[in-house]
Amino acid sequence: MMEPKVSIIMGSTSDLPVMEGAAKILDEFGIPFEMNALSAHRTPEAVEKFATNAADRGIKVIIAAAGMAAHLPGVIAAMTPLPVIGVPIKASLDGWDSILSIVQMPPGIPVATVAVNGARNAAILAIQIMATGDAELMGKFKAFKNDLKKKIVKANEELATVKYQYKTN
């Protein structure tokens with residue numbers, strides 16, 4: 001049985017369409033993960049149990065998403081020694097309420113924060129963190145970055161064939 005290395009936590013299942021971006025990247029890299037809905041406000045005891053036990057269960061990185069009053073990533077970070085990556089969810093105020101709640105952590109309780117609805121980048125950052133101690137994963141990550149580069153090179157080659165009267169390249 002696979003043991004999860006990354007935990008994806010969301011305030012409610014309404015965040016799942018965004019958080020699937022993280023799940024897809026972790027799947028692509030073959031990294032076992034778990035997904036749960038926990039609420040800092042509605043299930044604080046469950047959040048505490050999760051956060052205080054995550055490291056002992058083998059979790060290496062936590063990706064926590066929350067919208068509106070986005071306290072979940074910070075509450076988890078306060079109770080775990082693991083790195084926490086916050087994903088602000090665009091629930092209201094174009095996601096500004098969420099991002100400001102997540103980035104304004106007090107000294108000693110950091111939460112890495114990605115863009116609003118940036119679950120994909122949260123998973124990529126989790127992989128980078130884990131790859132620092134895993135040569136095989138680092139190799140996969142370097143290949144992933146190289147593929148990104150190749151996509152841009154190909155895009156420029158395709159743009160070269162686009163013709164406009166005043167286009168010079």
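Predicted model: local features only at pLDDT ≥ 70, side-chain atom pairs only at ≥ 80, totals over all residues.
Local features are reported at pLDDT of at least 70 and side-chain atom pairs only at pLDDT 80 or more, whereas totals for chains, interfaces and linings use all residues. Residues are numbered from 1 along each chain as its sequence is written, and side-chain values use heavy atoms, with hydrogens and water left out.

**View 1. The protein has six helices and five strands.** Helices (H or I, at least four residues) and strands (E, at least two) are DSSP runs, numbered from the N terminus. The order of elements from the N terminus is β-α-β-α-β-α-β-α-β-α-α. Along the principal axes, the C-alpha atoms fill a box of roughly 65 × 40 × 30 Å. Of the 169 residues, 38% are buried (buried: under 20% relative accessible area; exposed: over 50%; partly exposed: in between; 1.4 Å probe, protein chains only). Among contacts (heavy atoms within 4.5 Å) with a separation of 6 or more, 67% join residues 24 or more positions apart.

**View 2. Helix α2 spans residues 44–53 and has V47, F50 and A51 as its buried residues.** These residues lie on the same side of α2 because they cover an arc of only 95° around the axis. The arc is that of the directions from the helix axis to the C-beta atoms. An α-helix has 3.6 residues a turn, so residues three or four places apart point the same way. Exposed residues E45 and K49 are carried on the face turned away from the buried side of α2. The cover over the buried residues of α2 includes β1 (6–10), β2 (33–37), β3 (61–67) and α3 (72–79).

**View 3. A40 sits in the loop between β2 and α2.** A40 counts as buried because its relative accessibility is 17%. Neighbours within four places in sequence aside, A40 contacts V47, H71, L72 and V75. A40 and L72 are 32 residues apart along the chain, and their C-alpha atoms are separated by 5.1 Å. V47, one of the contacts of A40, is also one of the buried residues of α2.

**View 4. Helix α4 covers residues 96–103 and has D97, S98, I99 and I102 buried.**
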